[in-house]
Structure formats: structure tokens, C-alpha cells
Amino acid sequence: MDLYQTLHSMLPDVDIYQNHPLAPYTTLKIGGPAQVFVQAKTYDQFISILKLVRQLINQNLLSLDQVFILGAGSNLLVSDQGFPGLVIKNSASGLNFTSGQVTADSGTPLPFLITQTLSQSLTGLEYFAYIPANLGGAIYSNIHGVNQAQFSDYLDSIQVFDLKTGQTSTLTANSLSWDYDTSHFQSNPNLIILSAALRLYPQDPSPAQHLYQQTLSQKSQNQPMNSAGCVFKNPPGFFAGQIIDELGWKGKTIGDAQICPTHANFIVNNGQATAQNYLDLAKAVQADVFQKKGIKLDFEIKLVGDFSL
Ligand SMILES: Cc1cc2nc3c(=O)[nH]c(=O)nc-3n(C[C@H](O)[C@H](O)[C@H](O)COP(=O)(O)OP(=O)(O)OC[C@H]3O[C@@H](n4cnc5c(N)ncnc54)[C@H](O)[C@@H]3O)c2cc1C
């Protein structure tokens with residue numbers, strides 16, 4: 001029995017598709033299909049899917065690198081050939097306010113989490129206004145916000161499912177190592193984020209709400225949503241966007257992929273860009289920056305599927 005049929009027979013109540021287009025699930029709207037695509041709409045569905053995946057891995061019917069967890073798709077460049085394996089779209093969303101703090105499922109949209117916590121006078125997440133992530137993706141990427149904020153500063157604990165052991169456990173955020181755009185989860189792809197307890201500050205939310213609105217209006221002017229956010233991480237001591245701008249790349253195109261005219265570290269899809277267009281443009285920038293400035297730019301975006309690099 002193939003992967004689709006196995007999942008279909010074991011999870012009759014879950015939406016499962018074959019050869020399912022991934023582009024609509026990404027902010028860039030680029031990329032080919034997933035060989036098999038399954039959508040977890042609730043926390044319980046997410047756990048059931050992960051348990052079954054763990055069984056299939058155990059039976060050597062699937063390998064870890066054939067499984068991809070899809071959050072809000074806001075940091076991804078999906079190959080034009082798609083993903084040759086199983087994509088699990090995590091839409092398990094929910095919030096629970098207890099003892100003056102909040103716990104949220106990993107599929108909860110970050111913008112919703114921010115507005116809900118501020119409405120309960122819990123501050124801290126306003127620094128991450130405008131970022132179109134889900135909670136799981138924000139933790140995995142340890143996103144950076146305004147005023148040098150890192151998402152890990154606002155995490156108390158993270159509940160995970162381990163695809164190697166089949167165990168669910170809770171990790172204390174302080175016990176994990178975090179850095180700029182770097183988390184424990186990037187080097188441990190077997191750990192799938194289920195939910196997290198946040199560490200926020202109960203206080204008058206007015207200044208936080210002001211910062212939130214101000215950040216939304218500033219970022220919406222120069223950070224277009226038809227992108228995957230910053231292409232490159234900032235190298236130590238520099239802003240990648242500033243270097244790329246100085247070298248005159250703003251507005252340059254390959255096909256429908258364009259270096260954003262308002263933010264040189266963004267590449268936008270003007271309609272029909274392919275993943276290869278995007279990658280060719282990003283690599284041309286990378287090579288030019290290295291040649292003229294001697295600085296190596298590393299990708300902040302994540303490549304999904306096969307690419308001719
Ligand atoms: C307009 C725009 C502005 C942006 N601004 C910023 C910014 O200011 N700062 C910043 O840091 N980023 C920014 N980004 C990038 C992006 O939003 C973040 O990287 C975000 O964390 C991605 O989250 P996601 O839910 O979209 O994850 P996805 O893009 O879907 O996935 C990203 C990675 O997380 C993994 N993942 C997702 N969920 C889980 C889970 N439950 N368990 C384990 N792994 C998981 C995926 O497998 C993948 O490897 C921006 C993007 C856009 C489009």
C-alpha cells in the first residue's frame with residue numbers, strides 16, 4: 001500500500017490529498033505539489049497524524065527527511081518540483097489563558113495571538129507585529145522583531161512530539177540554546193512543536209498597543225506580503241538589505257522575481273515567478289556581495305524540496 005492509501009485508511013476523518021499544490025499555502029505563492037498533503041485542523045488531529053508518521057518511520061516506510069511540517073508558509077521557497085514526501089499542514093489553533101499567562105497551540109496565527117494577548121493586558125509580543133507566522137514557525141525560526149526582540153525571550157516552555165521516540169514532552173525554554181534566527185529545533189528536526197506557554201508581562205497595554213500599530217503601519221509600507229520575508233540573515237555588524245541596496249540591486253528582476261524596490265533584502269513574486277527565478281536572483285546577489293564586499297550572506301529563507309543549486 002502506498003503512503004497516501006496508508007494514511008487515508010488509518011486517518012479516515014483527516015483531509016488527505018495526493019499531488020497537492022503547495023504554492024497557495026505560502027506567502028510567495030511559488031512551488032510545485034506535495035506528493036501527499038495532510039491538514040491537521042485540531043491539536044488532536046495533529047497528534048494522531050504525528051503518531052502514525054512515527055509508526056511509519058519505525059517500520060522504514062518513511063524517513064524523517066520525507067516529512068515536512070508546514071506552518072503559515074511565510075519563510076519558504078518551495079521547489080518548482082514540489083516536495084517528494086509528506087507535508088503536514090499544521091492548522092491546530094487555540095489559546096488558553098490561565099494564571100495570568102497564555103498557552104497556545106502551534107498552529108495559532110501569530111497576529112491573532114498578539115491581538116488576543118494585548119486585549120488581556122499581556123504585553124511583549126507587540127515587538128513581532130506584522131510577521132505573518134504561526135506560533136510553531138515563529139519558535140522554530142526564533143523570529144526577530146523590532147528593538148532587537150527575539151521570540152525566545154517570551155517563551156516559558158514548549159511542548160513537543162518526538163518523531164524518533166514517539167514521546168510527548170515539555171521543554172523549558174531556558175534549558176534550550178537560542179540565537180538570532182536560530183533555535184534548538186533547526187538542529188533537531190525530529191522535535192515537532194505542539195504548543196507553547198508564553199512568558200508575557202501583565203501591565204497597562206496602551207504603550208504596547210501604540211508600538212504594535214506603529215510597527216504595522218511602518219512595515220506595511222516597505223515589506224510586501226508577496227515575499228518570504230528577508231532572503232538573507234544579517235551578517236554580524238551589517239544589515240544585508242543595506243549592502244544589497246548599495247550595490248544597486250533594488251528593482252532588478254529574473255522572470256517575475258524582483259528585488260523589492262522598497263526593501264533590498266526582500267524578493268517579491270510579481271505574479272508568475274518560479275522558484276528557480278527566485279533562487280537564481282538570490283544567488284546572483286549573494287555572489288555579487290561576496291565578490292565586491294567579501295561578505296558571505298546566508299539564507300534566512302528555507303528551501304523546501306529539490307533544487308539544482
Ligand atoms: C512580509 C513578511 C515579513 C516578515 N518579517 C519577519 C520579521 O520581522 N522577523 C522574522 O524573524 N521573520 C520575518 N518573516 C519571515 C517569517 O514570517 C518567519 O520566519 C516565520 O517564523 C515563519 O513562520 P511560519 O509559520 O510561516 O513557518 P513556515 O514558513 O511554514 O516554516 C518555517 C520553518 O518552520 C518549521 N515549522 C513550522 N511549524 C513547525 C512546528 N510546529 N514544529 C516544528 N517545525 C515547524 C517548518 O518546517 C520550516 O522549516 C517575514 C515574512 C514575511 C512574508
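**A side-chain pair and its surroundings**

The side chains of Asn-142 and Gln-150 are joined by a polar contact of 3.1 Å. A polar contact here is a pair of N or O atoms within 3.5 Å; within protein, one must be able to donate a hydrogen and the other to accept it, and residues adjacent in sequence count only if both atoms are side-chain atoms. Please keep in mind that this is a predicted model, where local features need pLDDT of at least 70 and side-chain atom pairs count only at pLDDT 80 or more, while totals for chains, interfaces and linings use all residues. Residues are numbered from 1 along each chain as its sequence is written, and side-chain values use heavy atoms, with hydrogens and water left out.

Asn-142 sits in the loop between α4 (135–141) and β9 (155–162). Helices (H or I, at least four residues) and strands (E, at least two) are DSSP runs numbered from the N terminus. Is Asn-142 buried or exposed? Asn-142 counts as buried because its relative accessible area is 0%; buried means under 20%, exposed over 50% and partly exposed in between, using a 1.4 Å probe and protein chains only. Beyond its neighbours within four places in sequence, Asn-142 is in contact (heavy atoms within 4.5 Å) with Gln-150, Phe-151, Ser-152, Trp-178, Asp-179, Asp-181, Thr-182 and Ser-183.

One of those partners, Asp-181, belongs to the loop between β10 (168–172) and β11 (191–198). Asp-181 is not a glycine, yet its phi is positive, at about 55°, and it is buried at 6% relative accessibility. Asn-147, in the loop between α4 and β9, also has a positive phi, near 55°, in a residue other than glycine. With a relative accessible area of 60%, however, Asn-147 is exposed.

Let's move on to Thr-108, in the loop between β7 (101–105) and α3 (110–119). Thr-108 is buried, with a relative accessible area of 0%. Its side chain reaches the backbone nitrogen of Gly-94 at 3.2 Å. Thr-108 and Leu-135 are 27 residues apart in sequence, but their C-alpha atoms are 5.6 Å apart in space.

Finally, here is how α3 packs. The axes of α3 and helix α5 (residues 206–222) come within 10 Å and cross at roughly 155°; such axes are lines fitted to C-alpha atoms, for helices over the stretch in contact, with angles from 0 to 180 degrees between N-to-C directions. That angle makes α3 roughly antiparallel to α5, given that under 35 degrees counts as roughly parallel, over 145 as roughly antiparallel, 65 to 115 as roughly perpendicular and the rest as oblique. Pro-111, Ile-114, Thr-115 and Leu-118 of α3 make the contact with Ala-208, Gln-209 and Tyr-212 of α5. These residues divide into five nonpolar, two polar and no charged (Ala, Val, Leu, Ile, Met, Phe, Trp, Tyr, Cys and Pro count as nonpolar, Asp, Glu, Lys and Arg as charged, and the others, Gly among them, as polar).
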